[in-house]
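Trainee: Could you walk me through a structure today? I would like to start with the ligand and then move on to the sheets.

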Amino acid sequence: MQENFSLKPYNTFGVDAKAQYFAEVNSIEELKEALTFAKAQSLHLLFLGGGSNILLTQDFDGLAIKLNLKGISEENLNDHETLVTAKAGENWHEFVLSCLQKNYGGLENLSLIPGNVGTSPMQNIGAYGTEIKDIFVSCVVLDLEDLELKTFDLEQCRFGYRDSIFKQEGKGKYVILEVTFKLTSQNHHIKTEYGAIKSELEHMGIANPTIQDVSKAVINIRQSKLPDPKEIGNAGSFFKNPTIPLAQFEDLKQKFENIQGYPNGDMVKVPAGWLIEQCGWKGRQIGNVASHKLQSLVIINATGEATGKEIFDFSTEIINSVKEKFGIELEREVNII
Ligand SMILES: Cc1cc2nc3c(=O)[nH]c(=O)nc-3n(C[C@H](O)[C@H](O)[C@H](O)COP(=O)(O)OP(=O)(O)OC[C@H]3O[C@@H](n4cnc5c(N)ncnc54)[C@H](O)[C@@H]3O)c2cc1C
């Protein structure tokens, strides 16, 4: 247990906020010990995975717990499917690579997403036409009220677009300890329709891609357009893509003929990056904070010296200008602490 501890290395924005208390836990027993300490002192709790989806807007007045639970196990279901379970503290991308090495399919489109396995259900992480709900079986959680272990299946997790029960009613009630996925061991479903995967595979000279090729293509695309948090502080997409009623979209189309939208029933998903760019934010810097020059949806700690409050205020300005120009209220994807 450490006191007055800087969380700068524990959040990918590189914000220098301090936690009143900080502990790293390697087992459920250590986690329970830390929770007992927090309860005795009535401390607020903050769980940390890779810190790649949080913005610390102030010092954290409570106990920050870094979850380091490790281990991967598997169970053959049949001749073409395997259940793979990983503990919360496993790094997501290393987990994806370890599955690909064994030729287990289903995670390849989610290559190179930062963070840990235990956080993946929180916002149903997704990229390139796949979300974890597509291969998710269950997760084991610790209930913070009674310290009992509970299992949530696919339905109970109520996954949505960058959403789950753990961001809604279950917020602050559970710690996710391990996650189980159902992966293919043969007859893989290769998904190349989304984004630039097809053209990247062509560029790589691959006509009949394997799951490993798809992963490599996704890694190449991501490396070419997203800033590496090790070099420039960021948390990936700062906002969700808004979903608006079809009628509102059609009205906007009259005014802004280039507006893009992806219909889904009587709603339309609009790319937040495009809206932000149209408001002149792409590459724009105010003080220590900027919108990334290649991807306006990504807010960066441009100088490395930004405070969480500055980043938050910058994001508020973006929300206000998109609201003013398009009448659409952007929602932050990043967890504000
Ligand atoms: C460059 C970059 C690209 C990204 N690209 C994508 C992308 O393509 N798709 C996507 O979906 N996301 C993306 N993200 C966002 C981020 O990687 C994911 O949301 C990831 O799952 C966060 O994991 P983490 O372990 O870093 O979470 P953290 O930031 O540590 O935690 C996020 C939230 O979950 C809570 N939490 C953490 N662990 C647990 C646990 N075990 N139990 C309960 N609560 C917990 C935290 O308190 C916090 O509220 C990107 C981020 C970056 C920096």
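Mentor: We can go through the ligand, then the sheets, then a hairpin.

Trainee: Before that, what kind of model is this?

Mentor: This is a predicted model, where local features need pLDDT of at least 70 and side-chain atom pairs count only at pLDDT 80 or more, while totals for chains, interfaces and linings use all residues. Residues are numbered from 1 along each chain as its sequence is written, and side-chain values use heavy atoms, with hydrogens and water left out.

Trainee: Okay, which residues come nearest to the ligand?

Mentor: Of the 32 residues around the ligand, those that come nearest are Phe47, Gly50, Ser52, Thr119 and Gly126, and a residue counts as near if one of its heavy atoms lies within 4 Å of the molecule. By class, this shell has 16 nonpolar, 14 polar and two charged residues, where Ala, Val, Leu, Ile, Met, Phe, Trp, Tyr, Cys and Pro count as nonpolar, Asp, Glu, Lys and Arg as charged, and the others, Gly among them, as polar.

Trainee: And which strands supply at least two residues of that shell?

Mentor: Strand S3 (44-48), strand S8 (126-127), strand S12 (174-184) and strand S13 (233-237) each do; strands here are DSSP runs of E with at least two residues, helices are runs of H or I with at least four, and both are numbered from the N terminus.

Trainee: How far is the backbone of Gly50 from an oxygen atom of the ligand?

Mentor: A backbone N or O atom of Gly50 is 2.7 Å from a ligand oxygen, and for Asn53 such a backbone atom lies 2.8 Å from an oxygen atom of the ligand. The ligand taken alone exposes 980 Å², of which the protein buries 94%, with accessible areas coming from the Shrake-Rupley method with a 1.4 Å probe.

Trainee: Switching to sheets, what is the order in the open sheet of four strands?

Mentor: The order is S1-S2-S5-S3, with mixed pairing, and two strands pair if DSSP finds at least two bridges between them. Strand S1 (2-6) and S3 stand at the edges with a single partner strand each, so one side of each has no neighbour in the sheet.

Trainee: How many bridges join S2 to S5?

Mentor: Six bridges join strand S2 (residues 18-25) to strand S5 (residues 60-67), and the two run parallel; Val25 stands opposite Leu67 in S5. Helix H1 (residues 28-40) lies across S2, S3 and S5 and runs at about 175° to S5, with axes fitted to C-alpha atoms, for helices over the stretch in contact (heavy atoms within 4.5 Å), and angles from 0 to 180 degrees between N-to-C directions.

Trainee: What about the open sheet of three strands?

Mentor: That sheet has the order S14-S16-S15 with antiparallel pairing, and strand S14 (243-245) and strand S15 (262-264) are its edge strands. S15 and strand S16 (residues 267-269) pair over three bridges, with Pro263 opposite Val268 in S16.

Trainee: Last one: how many residues lie between S10 and S11 in their hairpin?

Mentor: There are five residues between them, and Leu147 in the turn has a positive phi of about 55°. Strand S10 (residues 136-143) and strand S11 (residues 149-153) run antiparallel and are joined by five bridges, and Cys139 stands opposite Phe152 in S11.

Conventions. A polar contact is a pair of N or O atoms within 3.5 Å; within protein, one must be able to donate a hydrogen and the other to accept it, and residues adjacent in sequence count only if both atoms are side-chain atoms.
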